[in-house]
Amino acid sequence: MDRTPRWLGALVGGVYFFLHLPLLILVVFSFNASKFSVEWTGFTLDWYRLLLERPDILAGLRVSLIVGLFATAISTVLGTLLALALARYRFRGRRALESLLYVPLVTPEIVVGISLLILFAGFKVALGIPTIVIAHVAFSISFVTIVVLARLAGMDEHLEEAAMILGADEWTTFFRVTLPQLLPGVLSGALLAFTLSFDDYVITSFVAGSGSSTLPVVVYGMVRRNIEPTVNAISTVVLVFTSLLIYLADRLGRERALR
Amino acid sequence: MGLRRRLLGWLGARSSLRGWALVAPAGLWLALFFVVPLLAMVGYSLMPRGTYGGVEPGFTLEHYQRFFDPLYLTILRRTLVVSALCTAICLLLGYPVAYVLARSRRWRNLLLFLVVLPFWTSFLVRTFAMIFLLRDTGLVNSVLLKAGLIQEPLTLLYTPFAVMAGLVYSFLPFMILPIYATLERLDPSLLEAASVLGARPAARFWRVTLPISLPGVVAGCLLVFIPALGSFLPSDLLGGAKQMLIGNLIQNQFTAARNWPFGSAASLVVMVTVLVGVLAYLRTRDRPAPGLH
């Protein structure tokens, strides 16, 4: 194989810098004592301490966690069932369903947000945590299904047949053979669903209503009003938290199925 | 129950009914909370505007006619140009990354993770990181000032440049990943064959590698173009809402302007553009790769 030319390596290095430097700088300056400039005046944890004193951030965090947990639980169960059906069963309307699965992936977020707003307004549903959960599940199901489908594709169906031949009934086979093998995929899907829910601003901003702002909605307000170092601090917290989730999802996704 | 009968029963049950029972919850959720809202949006775009948001019964095409107003045509054209330019820049920057990634050995997992990570991190936080970098008292300006290269801060934030930087920064991973996926599956023996037949490195790239990666390129372009088309955060936060994109227009109609049917019509224009792109993609994907016989 050819060696990678030096200019190509430099270009790629530059792109990696562009992808990660802004976030790194953001994190570093969340520990900077100076309030107004990017001049480094000393290390401080003041901005993090200030976060804990802000009721709007704490309330937003609470809403985000509640929404995230419900949305993750629902979309993981529904998405996994859908993946099992698509991988293991033949039924009428399968192709149509597969296309339906990809619609959420190609629909711009703003369209999802306003169309749900129209639906809720049409049925006079009060906006709040339940409507946010409904919206988040609607866009997370597809991601869970795709991750679980990938896992199912790497699994050996003969193991299930073997369990059957050895006398296990269907439920036992599912819970003792299929599910344990599927679990890394399911968990990986769940972590992604939670991250999607926890990070979403655009769709949430349309279906949240005034009393139930999630953390991104609160942060958006802070960014709009004026830039203060507390935004760096909360951004760092969000960043570290979601990076951890993605790292775990990535690890689980790579784990090999028994063959 | 005999073993044979049980196995047959199991295999038989894998047909229609059982499958539908597994599908029903997710299928219903997607139909009810994804498809029905989109249809409702189409309906809204064809109805007269209500006084306090919402609509009144009736049928009208006025919201679509409004689009021929030069003001809105400009927004539409600007959105298409900005999205296309963003896609082109992402392709120019992203292809080399995918190429090097697919050929790397030792660092591949780490390098790949470093692309996947921004793919999932908060869009809002990434946009804010750009603000922090580009504003008058931001890092770029203070470094340039310190170095004596400029006397007073450059206006970087709230410019078209800042919007483009934010868009590219946000969507670049969407370009890299699908191209990487096609390059990773590239059979090295094809390149060896080309080499044996006398093709120089440049020819090997243009006549073997690039054609094979084309489906990934098209998928990546689509994955960048679609969210760019509907985006409103970068133009809002980095552009200072000076140059409206169609995403800002839609958001505005559903908040301050309270003209839901016009906002719905604008959304439908976006959605139709997206569908045309997706259908074009499906056609290229189903065609065999060029140059391979």
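Mentor: Let us start with a definition: axes are lines fitted to C-alpha atoms, for helices over the stretch in contact, and angles run from 0 to 180 degrees between N-to-C directions. Helices (H or I, at least four residues) and strands (E, at least two) are DSSP runs, numbered from the N terminus. This is a predicted model, where local features need pLDDT of at least 70, side-chain atom pairs count only at pLDDT 80 or more, and totals for chains, interfaces and linings use all residues. Residues are numbered from 1 along each chain as its sequence is written, while chains are lettered from A and ligands numbered from 1 in the order in which they are written.

Trainee: How many helices and strands are there in chain A?
Mentor: Read the elements from the N terminus on, and chain A runs α-α-α-α-α-α-α-α-α-α-α. Its C-alpha atoms fill a box of roughly 70 × 65 × 30 Å along the principal axes. The count for chain A is 11 helices and 0 strands.

Trainee: What percentage of the residues of chain A count as buried?
Mentor: A residue is buried if 20 or more other C-beta atoms lie within 10 Å of its own, exposed if 12 or fewer, and partly exposed in between, with C-beta atoms placed from the backbone. Chain A has 259 residues, and the buried share is 43%.

Trainee: At what angle do the axes of helix 3 and helix 6 of chain A cross?
Mentor: Two packed helices are described by the angle between their axes and the distance between the axes. Here, helix 3 (residues 55-88) and helix 6 (residues 129-153) of chain A have axes that come within 6 Å, and the crossing angle is roughly 40 degrees.

Trainee: Which word describes how helix 3 and helix 6 of chain A lie to each other?
Mentor: Angles under 35 degrees count as roughly parallel, over 145 as roughly antiparallel, 65 to 115 as roughly perpendicular and the rest as oblique. With a crossing at roughly 40 degrees, helix 3 and helix 6 of chain A are therefore oblique.

Trainee: How many nonpolar, polar and charged residues does the contact of helix 3 with helix 6 of chain A have?
Mentor: For the classes, Ala, Val, Leu, Ile, Met, Phe, Trp, Tyr, Cys and Pro count as nonpolar, Asp, Glu, Lys and Arg as charged, and the others, Gly among them, as polar. By these classes, the contact of helix 3 with helix 6 of chain A has 20 nonpolar, 7 polar and no charged residues.

Trainee: Where does helix 6 of chain A bend?
Mentor: The bend at a residue is the angle between axes fitted to the seven residues ending there and the seven starting there. Helix 6 of chain A has 25 residues, and 19 of them are buried. It bends by about 35 degrees at Ser140(A).

Trainee: How many residues of helix 5 of chain A are buried?
Mentor: Helix 5 (residues 109-122) of chain A has 14 residues. Its buried residues include Glu109(A), Gly113(A) and Phe120(A). The helix is mostly covered, and the buried number is 12 of 14.

Trainee: Is Lys124(A) buried or exposed?
Mentor: Lys124(A) sits in the loop between helix 5 and helix 6 of chain A. Most residues other than glycine have a negative phi, and most peptide bonds are trans. Lys124(A) has a positive phi of about 55 degrees although it is not a glycine. Because 6 other C-beta atoms lie within 10 Å, Lys124(A) is exposed.

Trainee: And Tyr158(B): how many other C-beta atoms lie within 10 Å?
Mentor: Tyr158(B) is in the loop between helix 7 (139-146) and helix 8 (160-184) of chain B. Tyr158(B) has a positive phi of about 60 degrees and is not a glycine. It is partly exposed, because the number of other C-beta atoms within 10 Å is 19.

Trainee: Which proline follows the bend of helix 4 of chain B within four residues?
Mentor: Helix 4 (residues 70-103) of chain B has 34 residues. It bends by about 30 degrees at Gly94(B), and the proline that follows within four residues is Pro96(B).

Trainee: How far apart are the axes of helix 4 and helix 10 of chain B?
Mentor: Helix 4 and helix 10 of chain B are oblique to each other. They pack at an angle of about 140 degrees, and their axes are apart by 9 Å.

Trainee: What separates the C-alpha atoms of Ser231(B) and Ser83(B)?
Mentor: Ser231(B) lies in the loop between helix 10 and helix 11 (233-237) of chain B. Ser231(B) counts as buried because it has 29 C-beta neighbours inside 10 Å. Ser231(B) and Ser83(B) are 148 residues apart along the chain, yet their C-alpha atoms are separated by 9.3 Å.

How values were computed. Expected span 1.5 Å × (residues − 1).
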